[in-house]
Each structure stands twice: as C-alpha cells, then as structure tokens.
Amino acid sequence: MSLQNDLTQKVIEAVKQLYQVDLPTVEFQPTRKDFEGDITVVVFPMLRHVKGNPVQIGTQIGEYLVEHVDEVSKCNVVQGFLNIVIEDSYYLDFFNSVADETDFGYVKSQSNDAVMVEYSSPNTNKPLHLGHIRNNLLGYSVAEILKASGKKVYKTQIINDRGIHICKSMLAWQKFGKGETPESSGLKGDHLVGKYYVAFDKAYKEQIAELVESGTPKEKAEKEAPILLEAQEMLRKWEAGDEEVVALWKKMNGWVYDGFDITYKNLGVDFDTLYYESDTYLLGRDVVKDGLERGIFFKKEDGSVWIDLTEEGLDEKIVLRSDGTAVYMTQDIGTAIQRVTDFPDINGMVYTVGNEQDYHFKVLFLILKKLGYSWAEQLYHLSYGMVDLPSGKMKSREGTVVDADDLIKNMEDTAESISQELGKLEGYSEEEKKQLYRTIGLGALKYYILKVDPKKRILFNPEESVDFQGNTGPFIQYTYARIQSILRKADNVGSSAVETSLELHEKEKELLKQIQLFPETVQLAAENYSPALIANYTYDLVKEFNSFYQQVSILGETDDQKKNFRVQLSKKVGEVIQSAFRLLGIDVPERM
RNA sequence: GGUCGCGUAGCUCAGCUGGAUAGAGCAUCUGCCUUCUAAGCAGACGGUCGAAGGUUCGAAUCCUUCCGCGAUCACCA
C-alpha cells in the first residue's frame, strides 16, 4: 500500500518535471499476468491533463521512475499501460517486516466505539435449519471481521420466546405429549418441541377440514378452529402471568435452549449477551409517546399512531395500535434504545436478518434517525438471500427443511468417508480422527455458504453433496496441512530474518504480493460486511501457494538461504490462512 | 401496481473506486505420484456478461427503458 503511495508521489513528480502539469491522481492496477511487471500505471486518465501520445508519455514517465525510484528496476509500456517491475529487495523487506508479526492483517489497537452484532435470533418453537446456519455463519463471521478491523464488538441475539407460535407447540405438547421429555424420548430438546409444533399444525388443519366439511366457509374455519382458539387463550394467560402456563413455557423453552446450545457449540458460534423478547416486547411505547409529542409521529382518528415517510419515498407506517399495544416495529425501536442504555459505548449495530425484512429495517433505521439518536447513523442491516431447496422454500410446519443438526452430521460423515478412502491418518487416535472429520466437514459447509455474496440466494440441493475439491474449505485446509507437514520436516526452522539480496522466484514474488494484500482485504471485508471477500482472498492465496509448491522445491533446495526463506514463506502463508479462516469461523487441521 | 434485490460458461460462483484478449471451481477430455501430503499441479473444451439504447478514449461495471426470477408493500411476528 505504501508502495503505491510512494509511486503516486513519484509519478506526479515525474509529470511535473516532464510536462509542468499537476496531476490530481494516479490510477494503478495490478499488472496482468501476461505482461512483465508488478504494478501498472494507467496512462489514459492523464491525457486530460497532458496532451500527447499515451505510449510516449508512459515511456517517459517510466524512464523517470527507473532513474529516481530505488524500488523500480525497469518499466515497459503496452498501449496506454505503464508496467513497472519492482525490485525483489522491496518484497523481501516487506517479508522481514511482517515475518514475526502475530495476527498479521488484524488491527491491534481497539477503537473506543463498539458495535453490536445481532444474529441467529430464532423462535423457540422449533429446531434450527439451514437458513439459520447461513444467518449464524454470516453474523459470527462479520463480528469477527469487525473485531479484526479494530472495532470492539458485542455479539448478541434476540430470542423470540413469546407469542402465538410458542403457545402452539406448548398446547400440542399438553394435548398429545403424554408427559414426554427430552430424557424420556431421547430427543434433543429443540427437536422435541419442534415435533409438537408440527403436531399442532396437523391437528389445526384437520379441524379446518372438518369444519369445512360441515359447511363452514374456509376463512371462517381458519379463524375458529378450536385448537387455534385454545392457543390464543393460552397466549392471553401467558401475558396475564398465569402460573401454570408460565411454568410450562419455562420448562419447554429450557428444553429448546439446551438443544440450541448444542447446535451453536457444534457450529462454533457464540454470543456475548442475550436479549429475550419476553423481556423486551413491552419496550418502545414510551418512546413512541414521546415522539408523538415532539411531532415525529401522528395520531389517527382511531387512536393508532403512525409515522409519515412519504417524503423519503416510503409510505405511512404504524408504530402503535389503536388499543395502545405495540407492533413489531415498536419493540425494535425500544430494544435498540435499550441496548445502547445497557452498553453505552455502542455506536452502531448490525442486524443479521434475511432480505425479506429489508423494508422493515429501512423504516426502523429512518425512525431512529428521526428520533435523533446519534448512533442511528451507524446501523446496518446485514441482509442475506434465502436458502432455497430445489423444491422451493423451506417450511418448518410442513417439514420441508434441512435440519441444522442433520446437515452438520452429514458433512462430518462425508468428511469421514473421504478421509478413510485416502487413508493418510495412521497414528491418529479415534478421538483425533473424529475431531478432524468435524473440522473438515464443517469447513466445507461454512466455506460453501460464506464464499457467496450475502445478497444472493443460495440454492441448496441436499441430493448433491457439498464439494470437497476445488474452491472449497477442505481444499484450503488441505493446503494448510501440507504446509504444517513441511514445517514438521524442516526440523530446524531457521531464523525468520531473510537476506534481502536473494533473487526471488516468480512464484515467490506472487505469493509475497498476495500476502501483502491481506490487511487491506480485512479492512475491505469489514467495510462491506462481507466474509465472501475473505473467502475469495484465501482461495487466491492458496492457489498461488499450491502452484509454488508444485514448481519449487522447498526442503530439497540446496542453498540454505533460499531454503530457509521458502520455509519461512510457507510458514507465513500458513499463518495467513489460519488468520483468514478464523474470520470465517473455520478451523485448520495439522494433518489431513 | 409501487419499492428493493438478483440475472456473467451446461452447473455453482469471482470480477475492487469504469481500463489491456471477461476469471475460478464442478462437470467432460489430456498429461503429472520411486522426490516436501494427487482433497494437489499443468493444460484443453466451454461466454452476443438477460435485451436494447445512452455517457466515455474505454462499459459486465455508470444512466434510461424493457424482459425474467425473488422479496416486500398487514392494527402478523
């Protein structure tokens, strides 16, 4: 990066000397592989300021640079592109400056401002599925990336532990459960509760069918099915604090939490603090009343409170019902404010929520801004596309979901069968092997999901297993394992300091360039909230390394200086892979 | 209908603030394991970047219109 800054100065200087013109900016790009050079200056934009032939101008600037800049060894011009060759010593200096740096690429100093990242936020009436996996991986990874970019981060989730849907599974368990528990059934708690959520839906549909049979119109039947009325009654009791209902609610939610904990642990995600909707669902009403007085909201004849966003190109949005109760938006306003009260250093929040709620968050952010909160400028909706199956959308009630626990297990099994086929693990204990299959299986799954732009929809076909070759997690893990193997064999890993007079192999230079890009990639990923940038960077690095590995002998090198450098370089590549994958929440194995 | 997002090779995806002949992986085909892990490397095949206009020295990228897919526009959460 500093090289580019230096060169910018020098090019401006050159143009000034040669043509007596001040250039505002200089445009760079990496040199295409088919030309000689490391960095390229694009001459075309200069033609606005300097009239003349681009090839001639490029050539003259090039000559100036060779003469006046130490790092520039030679130049060539193709059309309007000035390709600059940088001295090997520049790259070796760079290597020496970072060789011993731990967590290279991460910003070490932490800013005073914190950002809260919300993700996962499940309902407590059913187990997690593939959609939640995408949410969890994205949220966790973005949180880690923000940390690496120097931010203080709080990871949180809001657990949707109340409402009619929770009562549905409670009611169904009461009616059909016969006292079944996770212990008695051997089912994971969240799966047990999910089973009754499905059971409710089944009973509900049956009752509708019966009613329609006996002449009730369908719409009426849907509203009046006895089991639904019972669930609504249960919700009223819950809100009134009915002891029996609350006890049941606590018991069944406890089962779900136990189940979620296992899934989260398996996925490798965690949270710093938790919010429960049962605590926050009443928040926000005071703020709305206050905003009403300040004229930010307005009241309709029936007493409901609204905000007019037509000036912003949106429409009117309700924030309080006519009976004075809260809507979803009210809660979200209240919860956001509550969070800043709880953690006063917060100056920004990231909400990891599917793109079906784009509109909701647009409105929420606008309202918070209008209410005048300074942190409202720093809100970001980490919106991601749905994960669809070939059969269409996943629906828990209809059982057409890819269950999170099943999928994780599945990935581990695939990793196991591939590993056994390859049979490279002699000497590993059963426990170590199991751990490795998990690392690889999860690596495949996480990389598969994180490498694509969050905005895009993912079509997941359970019939076709996730790849383990090519642009995949295991490919990158494999490269890491290879490097560790070399380091084990290079018994005396020499000093990390490298002689800067070494002549670099083309592949070594490419690797150094790629390593140099890591810090800015982390920054870019943080700015864009995009783990995909980290994934793609890592893939490029690893491809470069494998090509190097194939062409250049490391341990077989007879020149000690060169051999030491190659070992050190490999070590550094391994460290960057590990750092990058840590940002994606993916582990790397010593062997595989 | 309004708003937002997406549309790049048979499939899955990259392509930074506009730049040189649009890049990977999978799949298909060819080579490379008595030498550091072949979950690898090297190569072949494969494209009117949804369509048409426009801006520019220069467009997959920016603007307009249209087409296709999806989401959203509830006193639901």
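A polar side-chain atom of Ser485 sits 2.7 Å from a phosphate oxygen of RNA strand B. That is a polar contact, meaning a pair of N or O atoms within 3.5 Å; within protein, one must be able to donate a hydrogen and the other to accept it, and residues adjacent in sequence count only if both atoms are side-chain atoms. The model is predicted, with local features needing pLDDT of at least 70 and side-chain atom pairs counting only at pLDDT 80 or more, while totals for chains, interfaces and linings use all residues. Residues are numbered from 1 along each chain as its sequence is written, chains are lettered from A and ligands numbered from 1 in the order in which they are written, and side-chain values use heavy atoms, with hydrogens and water left out.

| Residue | Atom of RNA strand B | Distance to the side-chain N or O atom |
|---|---|---|
| Asp34 | base oxygen | 2.6 Å |
| Arg321 | phosphate oxygen | 2.7 Å |
| Ser485 | phosphate oxygen | 2.7 Å |

In total, 65 residues surround RNA strand B, and the closest are Asp302, Lys424, Tyr478, Arg482 and Tyr549. A residue is near the strand if one of its heavy atoms lies within 4 Å of it. By class, the surface near RNA strand B has 27 nonpolar, 17 polar and 21 charged residues. Here Ala, Val, Leu, Ile, Met, Phe, Trp, Tyr, Cys and Pro count as nonpolar, Asp, Glu, Lys and Arg as charged, and the others, Gly among them, as polar. Helix α20 gives the largest share of this surface, 8 residues. Helices (H or I, at least four residues) and strands (E, at least two) are DSSP runs, numbered from the N terminus.

Finally, the charged pairs. There are 40 salt bridges in the structure, each a side-chain nitrogen of Lys or Arg within 4 Å of a carboxyl oxygen of Asp or Glu. One of them joins Asp38 to Lys513, with the closest N and O atoms 3.0 Å apart. Asp38 lies in the loop between β1 (28-30) and β2, and Lys513 in helix α18 (residues 506-516), 475 residues apart. Both Asp38 and Lys513 are buried, where buried means under 20% relative accessible area, exposed over 50% and partly exposed in between (1.4 Å probe, protein chains only). They also belong to a salt-bridge network with Lys33, Asp88, Lys509, Glu510 and Glu544.

Lys455 and Asp453 form a salt bridge at 3.9 Å, N to O. Lys455 counts as exposed because its relative accessibility is 63%, whereas Asp453, at 30%, is partly exposed.
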